[in-house]
Amino acid sequence: MHAFVFPGQGSQRKGMGEALFRKYSEKTQQANQILGYALEDICLASDTEKLDFTLYSQPAIYIVNALSYLDSLEQGMPIPDFFAGHSLGEFNALQAAGAFDFVTGLKLVKKRAELMSELTGGSMAAVVGLTLKEIESVLMEKGFENIGVANYNTATQVVVSGPENEITLLNNRLKKEPSLTLFHVLKTSGAFHSKYMGRAEIEFAQFIEGFDFNVLARPVISNVTAREFSSDMIKILLPRQITSQVLWYDSVQYMRSKGVEKYHEASGSHILTNMITNIYEKSAPVKRASPEPVAVTSPPQKKNEPACSILLNLAGNNHILHEDRVIQSFWENDAWYTVTTQDLTKKIEKLGQRLADIIPAQQRAVIFLPQCAGYTQALFSCWYANVIAVPTPVTDSSQIQQRYKQLESIVRDSQCQYFITNDDFEQAIKPLARSYAIKTINIDRLLAQQWEGADAAPRALQSPLDSAMLLYTSGSTADPKGVVISHQGLFHAATSPLWGYTRDSRVLSWLPQHHAFGLLYSIMAPLAQGSAAFILPTERFISEPEIWFQLIDKVKATHSGVAGFAFEYMLQQADADTVSGYDLSSLLSLSCAGDIISHSAYCAFYHKFSATGLKKEILSPNYGMSEAAPLTQKPQNEAFRSVSIAPVNSSEQGAITLSSADNSKIIISCGVAAPDTHIMIVEPEKGALCPPLTPGEIWVKTPCQGAGYFNHPVESEEIFANCHPVSGEKGYLRTGDWGFMQDGHLYVIGRLKETLVVNGKKYHPKDLEILLGENIAACALPRTIFAAEKNDETIIVVVQEIKEDEHEGFYQGVASDIVSVLSHHVSLRVDDIIFIPPGGLPVTGSRKVQRGRVREKYYLEQLEVVWRREKNDLSSSGSKAISDTEMQEILRAIIQQEAKCASKNLAPETDFSSLGLDSIASIRIAGKIKQTFNIPSFKTGVLFTCRNMLQLMDYISSHAPTRQPRHHSARYATYRDSTVLRYIRSYQEQKLSLNYLIEKIKEGV
């Protein structure tokens, strides 16, 4: 078989194309008109300085390559079986295969050259003699964090790209390597094929949207995937090529495996054919697996022709067909549990084939798994079998009982017939499985079984629009809704350029795997891009926040994702001296989503931990939701933006008033939209576009968005199928968020539908209000729940109409019930409870409570208060003497710190749900009890089975290493040490920190 290859930038030379310009004068003149200058003058000039400029060299090479191929055909060369091009040459390969004509290709190349030539200051160098693994190992060393591999040309020829000063340092470092034969700095104007070309990628992706491409007549091998292009991938892969590695070695090996033996290079160049000869002579052919993995996507589909899972194919291209390397690492038992490409591939294939035997296509399977390697394997195995995966918001089996009602709602709403789980979760979900006659599939047992079935390819889809996942909106609601995400939508989300990943990226995340942001950031996007992912359990970060910095240093992470609460949490819980020895200078992006970022909290976070090498500009706010993600993100290598507005703009309509007053509110930009995403600001009542700098509801249209809510057609039509106010174009998603645009950046300032976001979890006020009405008889009158800002902190407020002239004990009891219900059912802590007279809530004509007006009255202190519960006022049911006073004092000290309550009101019988513990406080309490009393099995769920301190003390006594009853345990006698008791009393008097106290308690133990 025969392949035709096209060289890229670097192949320019004096006099190039001279004969071709004369022979094809008409096309040459056509090119000159598009370029606005005479190409011959540049190529044939005695001085080649201008020809070496990116702005001129790229169009010149494209034109000469195209004319050279045309000339070869006219001289009788048969049409090649394959086409490939190196970097810029890929445009020639696509043009030769019929994707677009000569003129269209030149317009694309001209724009590409303009964008790339604007990004100067970087450097590139060819390294000969070292293997790719050897170079990547060196680049992991301190000082080379910003250098990446740009071109993988042969087994021992690699081009690196990055800042000029670091390239110079790398040259000095590699001189120590005995196998180095050449280090040559290339004549380029920038750090091409690296993250420093991110702006060019985004702008080129926007530009290319205006073009349509034809079906390819012959296979073209992509630089990004080293596999065949499909026509529908051209708009995605050409922009991405600007920042991605050129996988030339892999591309040649792929063509070799297809039987290509003869190569012809355009323009009389021998650059690529010399590389190909080296590969054929010095590298063994690729041993292909059976069945053969498919290409990035299936070819353009004919009507009713089945497609294959797009994301599964892309992950296969990036990992399965490359060398075996570690691609996922999970922090377990203070060590990394690693997953290699081969291990992941084999398990996905085995599980996928078994699931296909058990579960019919497009049936829904609910996933109950911890944050581990099995989670990724289960997701991809579902897609291998064309099964719809339904993630659940649990990461530990002890959470099943706590969230039973929420999980029950998901099971009912999804109408699933299958649970996918493992040994850790199987027993915990048995009651739920029995209640709904659900078949349970244990992946640990499936993987352990010997299977004699024949290998089978992934089960075909009917269409890329087949459902891949039901993603239930984050948080805890009375009426859960599953967002239907198609294979096509999931592919666009995972491959979005907003993530900014390359194959060199090292992504560290503690985000929950069941949230849209965590799922995409930590699992899907790294797999799609070929990046290494390091995953830390969320609970471990909550209980030991310093470990986040420790692991960034340990793995030299380039990217890390966090929830919005992380900055304030680190300020409160992490010790600057403890982490000062860690080096965070490798971080290029700190992506944050889930809530509006507090400007003051982030700045304080940066200043507190700046000694670690943390760079302020790495903050990359991300905007998205379960219904559509990602929508915007701040580009890497740019400072984050912010504006100061008058406080009134956060709650009232009207144009934004920029303000520098002391009480102004600083809002951080959420970044820019993806190239294929359109955002507009709409006045929701009138359905009209808002004028510039006027806030309104954020509407979006993106290929990343879901198809609607499963089995909720009315809500789906209302949220997902809105029309553009001017053009009438359908398909816009109403986000329910309030914001405005400035200079292409999105600023979110509130929530139109008053969705509460606490610690990254969403709560819908209406669902919470219903929950109170259903569980508390005294809450029969109208009520409202909203978030407010107080002392730069978000607090949760409940305003309830209630009958007047009741006694103090009645109001205290109702308030305690409100705290208990919200804590027990949805792990939400209430900060302020206000009772007002009947009829005191402002309502609309249809009797809907106007939350915005209630909040406004709250700020202005205009609510008519009947009774108010102070933030830390906890009622107690009295006290009961117990024998182990010291243990009680220790537990009281731990719980008091996290619940932020007065210890004098925390009696042994006080129900924990009355403390208003949120999920983070529960995790921290469990972690401290686990550590203090040396009970490795102690988990958060115990706090919901042991309802008060008495039950908790019994549990501790029975599970402590001595395994003796509490009243007879010699273990706790050591707590009678007078020094430890003195420390406890000093802590209660706020003379000591909690960390210091716990250290002394541990010494006492």
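Visitor: How much accessible surface does the chain have, and what share of it belongs to carbon and sulfur atoms?
Guide: The accessible surface of this predicted model comes to about 39000 Å², and 48% of that belongs to carbon and sulfur atoms. Of the 1005 residues in the chain, 59% are buried.

Visitor: What makes a residue such as Cys382 buried or exposed?
Guide: The cut-off for buried is under 20% relative accessible area. Cys382 has 0%, so Cys382 is buried. Cys690 has 16%, which is also under 20%, so Cys690 counts as buried too.

Visitor: And how many disulfides does a search of the whole structure find?
Guide: The search finds zero disulfides. To be counted, a pair of cysteine sulfur atoms would have to lie within 2.5 Å, and no pair in the structure is listed as a disulfide.

Visitor: How confident is the predictor in the chain, in terms of mean pLDDT?
Guide: The mean pLDDT is 82, and 85% of the residues reach 70 or more. Residues 287-308 are another matter: pLDDT stays under 50 there, and the model has 47 contacts for this stretch beyond four places in sequence. Residues 648-653 also have pLDDT below 50, with 11 contacts beyond near neighbours in sequence. Where pLDDT is low, the predicted coordinates should not be read in detail.

Visitor: Which strands are the edge strands of the nine-stranded open sheet, and what makes them edges?
Guide: The order is β10-β9-β18-β17-β19-β20-β21-β22-β25, with mixed pairing. The edge strands are β10 (335-340) and β25 (672-673), as each pairs on one side only.

Visitor: Which strands are joined by bridges to β16?
Guide: Strand β15 (residues 467-472) is joined to β16 by five bridges, running antiparallel, and Leu470 stands opposite Val484 in β16. Strand β29 (residues 708-709) is joined to β16 by two bridges, also antiparallel, with Val484 opposite Gly708.

Visitor: Why is β16 called mostly covered?
Guide: Five of the five residues in β16 (residues 482-486) are buried. Gly482, Val484 and Ser486 point one way and Val483 and Ile485 the other.

Visitor: And what makes α20 mostly covered?
Guide: In α20 (residues 487-494), seven of the eight residues are buried. Among them are His487, Leu490 and Phe491.

Visitor: Where does helix α21 bend, and by how much?
Guide: Helix α21 (residues 516-529) bends by about 30° at Ile523, and a proline, Pro526, follows within four residues. In α21, 14 of the 14 residues are buried. Just after α21, Gly530 takes a positive phi of about 80°.

Visitor: Which residue other than glycine has a positive phi near 60°?
Guide: That is Ala226, in the loop between β7 (220-221) and α10 (234-241). Ala226 has a relative accessible area of 0%, so Ala226 is buried. His193 is not a glycine either, and its phi is about 55°. His193 sits in the loop between β6 (182-185) and α9 (198-208), and at 4% relative accessibility His193 counts as buried.

Key:
Residues numbered from 1 in each chain as written. Predicted model: local features only at pLDDT ≥ 70, side-chain atom pairs only at ≥ 80, totals over all residues. Heavy atoms only, no water. Buried < 20%, exposed > 50% of the residue type's maximum accessible area, 1.4 Å probe, protein only. pLDDT = per-residue confidence, 0-100. Contact = heavy atoms within 4.5 Å. Pairing = 2+ DSSP bridges. Bend = angle between axes of the 7 residues up to and from the residue. Areas by Shrake-Rupley, 256 points an atom, 1.4 Å probe, with all protein chains shown as cover.
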